[in-house]
Amino acid sequence: MIRLRYTVDFLRLVWITALIHNEVLVYWISAGICHHYGYGVNQSYNNRDNIMIIADPQMTDDLSYDRPWILLQITKFLSGQYIRRNYKQLRWTANPSEVFIIGDLMDHGRDWDDAKYQKEVIRFHSLFGNTDHLHYMAGNHDIGFGDGIRPEIVDRFQEYFGPTSYIVNTQSGYSFIVLDTVSMSSSDPIIQKHGFDILNTVLPENPRILLTHVPLYRPPNTQCGSLRQHPNVIVNNKGYQYQNMISPDLSTLILDAIKPIAVYSGDDHDYCRVYHGSNRTIETTVPTFSMSQGLKYPGLVFLDVSEQPFKSKLCLLPDEVSLLFIYGYIFIFSLFILIVAHIILGMKSRRNYFQLSSEELGKPVNSQHPLLGISSLFYSIRDVAVVVIITYVLCTVIY
């Protein structure tokens with residue numbers, strides 16, 4: 001029994017180590033790498049004008065997947081926890097001066113009635129908070145796309161998240177032009193109005209950086225670069241309430257009017273870097289911030305705009321699916337170890353039980369009956385599981 005106790009304690013230690021790593025340390029390490037890599041040893045974000053750009057958190061909801069209810073609730077919990085932990089750690093580590101979430105805040109924001117939408121907004125703010133210097137953009141999952149947009153859905157988005165098109169000036173002299181290109185793709189002048197008002201206003205003389213949810217048009221088969229995780233092009237498909245690129249005419253109009261030094265977009269869920277026009281304006285498509293949108297390594301982009309030229313870098317987030325598989329492997333390993341340990345213990349008990357007798361020893365045999373081995377196995381599983389559950393709950397509550 002002493003050796004069995006050692007086995008149980010060993011498995012407890014394995015689980016505690018895995019849980020602390022997967023539920024806490026992996027986010028701390030990821031944020032630390034993002035914070036320090038690429039800007040020089042003696043430079044710190046904390047003393048710089050740095051911008052965090054997040055795309056497509058697309059908060060999982062009750063309509064996201066056709067799954068049994070319990071599996072869908074687990075998916076909602078895990079994907080929300082992934083967003084919350086990464087965002088919390090990145091804000092604490094990098095201390096960004098401004099944060100932009102460039103569309104698709106929710107997965108089905110455009111489809112909910114007002115009561116459900118209000119509940120989803122509360123859940124969204126539980127993941128990201130509702131702090132100063134946090135700016136939002138409307139995506140097609142929030143309000144629809146083009147002629148599929150209804151004015152009341154846009155009004156509702158603006159009630160909770162502010163205007164869909166606006167300008168943010170940074171301390172260091174850059175201007176971020178947030179443009180609601182999904183509404184500008186509509187043929188309805190009322191829907192278009194806010195976006196085109198930005199184009200028709202007097203823009204700041206500062207260097208301008210354009211933020212658009214849907215990527216600008218580029219010729220077919222334009223390569224996205226080596227950092228992309230999926231096939232290396234964005235295909236110009238369209239369908240119900242989506243279009244993978246803004247139309248060529250609207251893209252040209254926007255670039256000519258704003259004359260940005262750089263463009264950042266979302267919607268595609270994967271990284272892409274292309275050049276537009278004779279000025280070679282760089283457009284970077286930011287990967288999704290969610291673990292549930294088909295990307296092995298979600299990510300975000302940081303900009304250092306404290307000087308000219310500004311600097312941009314991609315940060316990748318942990319592969320949460322692989323971390324969940326680790327738990328599966330440890331579970332199988334734990335079960336195997338406990339079964340083997342109890343088989344060995346049972347064999348020794350049976351040998352003692354059948355080979356010895358109370359008459360031979362002159363006293364009762366203190367030996368386990370073979371049928372008691374199964375219940376002992378369940379007790380050992382329970383002893384490990386209790387520690388696992390307590391550790392996981394503590395990690396979830398504290399972090």
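Predicted model: local features only at pLDDT ≥ 70, side-chain atom pairs only at ≥ 80, totals over all residues.
**Entry 1: I54 and its neighbours**

Leaving out residues up to four places away in sequence, I found contacts with Y87, V99, F100, I101, I102, F128, F289 and L300. I then looked up the core around it. The largest nonpolar core has 57 residues, and I54 is among those with the most contacts inside it. L90, F124, F128, F161, F289 and L300 are the others on that list. Apart from this core I found another one, of 20 residues, which includes I53, M137, L211 and V301.

**Entry 2: the sheet**

Next I wanted to know in which order the strands of the sheet stand. I read β3-β2-β1-β12-β13, five strands in an open sheet with mixed pairing. A reminder to myself: strands of a sheet pair through backbone hydrogen bonds, either parallel or antiparallel. Which strands stand at the edges? They are β3 (134-137) and β13 (311-316); each has a single partner strand, so one side of each is left without a neighbour in the sheet. From one strand to the next, I noted an average twist of 20°.

β1 (residues 50-54) and β2 (residues 98-102) run parallel to each other and are paired over four bridges. For I51, I found E98 as the bridge partner in β2.

**Entry 3: helices on the sheet**

I then followed two helices. Helix α2 (residues 69-94) lies across β1, β2, β3 and β12 (299-304), and its angle to β1 is about 170°. Helix α3 (residues 114-128) also packs on the sheet, where it touches β1, β2 and β3. The direction of α3 makes about 135° with that of β3.

**Entry 4: the disulfides**

How many disulfides does the structure hold? I counted two. In general, a disulfide is a covalent bond between the sulfur atoms of two cysteines.

One of them joins C34 to C315, with 2.0 Å from S to S. The angle about its S-S bond is 75°, and the link is right-handed. C34 sits in helix α1 (residues 2-36) and C315 in strand β13, so the pair ties together parts that are 281 residues apart in sequence. Are these two cysteines buried or exposed? C34 is buried, with a relative accessible area of 5%, and C315 is buried with 5% as well.

The other disulfide joins C224 to C272, at 2.1 Å from S to S. Here the torsion about the S-S bond is about -80°, so this disulfide is left-handed. C224 lies in the loop between β6 (208-212) and β7 (238-239), while C272 belongs to strand β10 (residues 272-276), so this pair ties together parts 48 residues apart in sequence. Both C224 and C272 are buried. With the bonded cysteines numbered in sequence order, I wrote down the pairing as 1-4, 2-3.

I also checked C395, and it is buried, with a relative accessible area of 8%.

**Entry 5: helix α8**

My last stop was helix α8 (residues 248-258). Which of its residues are buried? I listed L250, S251, I254, L255 and I258. They cover an arc of only 130° around the axis, which puts them on the same side of α8. Among the elements covering these buried residues I found β5 (175-179), α6 (181-184), α7 (189-200), β6, β9 (262-265) and β10. After α8 comes K259, and its phi is positive, near 50°.

Notes:
Residues numbered from 1 in each chain as written. Heavy atoms only, no water. Pairing = 2+ DSSP bridges. Axes fitted to C-alpha atoms, helices over the stretch in contact; angles between N-to-C directions. Contact = heavy atoms within 4.5 Å. Disulfide = S-S within 2.5 Å. Buried < 20%, exposed > 50% of the residue type's maximum accessible area, 1.4 Å probe, protein only. Arc of directions from axis to C-beta. Core = buried A, V, L, I, M, F, W, Y, C linked by side-chain atoms within 4.5 Å.
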